[in-house]
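Q: Could you walk me through this one? I'd like to talk about how its parts pack together.

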Amino acid sequence: MATIDTTSLTIAQAREHLIRGDFSSVELTEACRAVIEKKNPSINAYLEVFDDVLEKAKEADKQFKKGGEHPTLLGIPLAIKDNILIEGNIASCASKMLEHYRATYSATAIQKLKKAGALFLGRTNMDEFAMGASTEHSAYGVTKNPLDETRVPGGSSGGSAAAVAMGSALGALGSDTAGSIRQPASFCGLVGMKPTYGAVSRSGLIAMASSFDQIGPFAKTVSDSELLFHVIAGKDSLDSTSIEVKGQRSDVKGRTIGVPRAFLESVPGGIDADVYKNFNDALEALRGAGYTLHDIDIPHLVDVLPIYYIIMPAEVSSNLARFDGVRYGLHKEGASLLDDYELSRSEGFGPETKRRILVGTYVLSSGYYDAYYGKAIALKNVIRREVDAVFKKVSAIALPTAPTPAFKLGEKSDPVAMYLSDVFTAFANVAGIPAMSVPSGAVERDGVSLPVGFQVMAPHFHDDHLFAIGRDIESVCGK
Amino acid sequence: MTSGKNDIQKLAGLARIRISEEELSSLEKDFEGILGYISQIQQAAGGTFEADTKDGLHNVFREDQNPHESGKYTVALLEEVPKKEKNYLKVKKILPESK
């Protein structure tokens with residue numbers, strides 16, 4: 001095979017080609033590396049390209065030559081977000097704090113991918129410590145959207161999304177705390193999935209907000225996304241919140257989709273008219289394909305984002321207390337131990353990270369705890385009950401993935417404006433339910449066609465239900 | 001809801017972060033916006049702490065057994081330590097010298 005078109009090649013197709021011997025894993029990997037060499041200098045999707053990937057591709061090719069059963073992802077090159085540990089490699093969280101930090105073990109998701117034969121091309125750019133919705137908060141420069149380089153790829157997993165969208169990797173891992181996989185998938189025309197909380201082990205994912213963080217896949221198709229999900233999912237003794245979702249496989253057979261219409265009509269920050277039209281068109285197409293649509297009411301949906309922006313910084317301020325310049329990470333020498341802490345942290349963390357640590361410190365401080373953190377935790381539980389009640393009536397909930405298509409670099413300088421980009425996605429993290437963004441068409445801006453994502457959510461443990469609906473969305477939206 | 005410069009400096013002290021004067025001005029403005037936004041939950045109906053925190057969550061503990069061989073990870077972990085001496089992390093003394 002002369003040239004491999006990595007921009008359209010899916011994982012499933014690549015696997016067939018590899019098994020048939022149409023091309024080798026080395027050739028496939030070289031094709032990906034050629035794209036990186038050509039496009040990464042302007043896109044900045046990768047912070048580092050691993051030099052051992054071709055060696056690993058050679059080993060995969062040897063296994064293919066031997067014949068027999070091949071593990072699911074043998075010889076498939078993937079990109080990995082810079083907050084997921086791969087033993088021996090740097091994992092910096094796109095922060096100066098961890099610029100030279102080498103992982104002393106591999107994340108469980110990485111070990112599972114390795115066992116399945118996957119190759120790791122490199123580590124991808126992100127908002128520092130996964131805090132952001134545009135990948136502009138990286139300490140190593142912004143990542144640009146490969147579909148329009150004047151725009152953001154979304155975030156915080158913007159590097160992973162851009163890596164797949166520019167055709168340099170067949171799939172990628174990201175992490176999603178309030179939309180950090182789904183929103184960049186929407187902005188880059190990919191399928192992005194946030195599993196049920198606990199479906200994928202968080203061991204080896206550098207913590208941001210532990211009660212919301214989940215690792216999940218980026219892929220070009222729903223089926224590729226399913227393939228990746230089933231490799232990385234599973235209960236893990238190293239993450240006590242992990243659960244086995246396979247045994248709890250979907251018994252949701254219904255084809256009823258709930259739409260929180262009242263919320264959509266008055267969403268804080270508003271919704272782009274073309275994005276809303278695209279969403280409604282996709283719903284109508286699903287109705288045409290046999291789905292029933294219901295207006296649903298989740299009374300506290302409007303409070304989800306402020307609840308998230310209280311609980312998340314609270315957890316951030318606790319989780320990031322570990323970066324003190326003593327055990328790992330940046331160390332700055334001062335006159336006293338307190339100086340060492342303060343100098344290391346002040347120099348190591350960027351502005352958005354500092355802002356969230358301080359907000360977290362505020363909402364947890366004794367005078368404000370009840371009014372903010374206490375109230376937010378209580379409301380989170382109210383929302384979970386409201387969601388359970390809704391899922392007695394419908395088998396899935398639909399919302400747009402983001403209120404706008406990819407926005408311009410530098411457009412959102414006000415933190416709250418940036419936070420509102422999560423207005424449709426934070427809900428699934430607060431409720432703990434699985435959610436997926438599937439491309440549903442495009443809107444035109446300045447003569448450029450920008451992709452838009454349709455988001456579907458399912459009850460706890462019903463991740464498989466998302467793949468079934470996701471494939472229907474792909475077929476009715478003309479993928 | 002307060003977020004004056006003094007409050008922010010106090011929070012920064014608690015968080016072990018130093019804030020410069022320029023940082024302080026922009027933080028003050030950002031804080032006002034963020035606190036204004038998240039304060040809307042005070043108007044939300046329901047969500048009393050007593051009634052709504054009984055959510056059936058429980059702690060999960062593993063058995064304290066099968067320890068790994070002592071020292072197995074020491075070398076790798078020490079590689080990442082910024083200041084060390086032999087097999088120890090090196091930190092400055094916490095209590096000042098008594099006079």
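What follows is a short chat about a helix, its partners and the contact between the chains.

Q: Before we start, what kind of model is this?
A: This is a predicted model.

Q: OK, how do the axes of α10(A) and α12(A) cross?
A: The axes of α10 (residues 304–319) and α12 (residues 351–364) of chain A come within 7 Å and cross at roughly 105°, and angles from 65 to 115 degrees count as roughly perpendicular, so α10(A) and α12(A) are roughly perpendicular to each other.

Q: Which residues make that contact?
A: From α10(A) they include Ile310(A), Pro313(A) and Val316(A), while α12(A) contributes, among them, Ile357(A), Val359(A) and Val363(A); by class, the contact of α10(A) with α12(A) has eight nonpolar, three polar and one charged residues.

Q: And how buried is α12(A)?
A: Of its 14 residues, 11 are buried, so α12(A) is largely enclosed by the rest of the structure; the buried residues include Lys354(A), Arg355(A) and Arg356(A) as well as Leu358(A) and Tyr362(A).

Q: What do those buried residues pack against?
A: The buried residues of α12(A) pack against α10, α13 (370–390) and α14 (415–419) of chain A, together with α1 and α2 of chain B.

Q: Switching to the chain contact, how many residues does each chain give?
A: The contact takes 45 residues from chain A and 38 residues from chain B. On the chain B side, α2(B) gives the most, with six residues, and by class that side has 22 nonpolar, seven polar and nine charged residues.

Conventions
Residues are numbered from 1 along each chain as its sequence is written. Chains are lettered from A and ligands numbered from 1 in the order in which they are written. This is a predicted model: local features need pLDDT of at least 70, side-chain atom pairs count only at pLDDT 80 or more; totals for chains, interfaces and linings use all residues. Two residues are in contact if their C-beta atoms, placed from the backbone, lie within 7 Å. Helices (H or I, at least four residues) and strands (E, at least two) are DSSP runs, numbered from the N terminus. Ala, Val, Leu, Ile, Met, Phe, Trp, Tyr, Cys and Pro count as nonpolar, Asp, Glu, Lys and Arg as charged, and the others, Gly among them, as polar. Axes are lines fitted to C-alpha atoms, for helices over the stretch in contact, and angles run from 0 to 180 degrees between N-to-C directions. Angles under 35 degrees count as roughly parallel, over 145 as roughly antiparallel, 65 to 115 as roughly perpendicular and the rest as oblique. A residue is buried if 20 or more other C-beta atoms lie within 10 Å of its own, exposed if 12 or fewer, and partly exposed in between; C-beta atoms are placed from the backbone.
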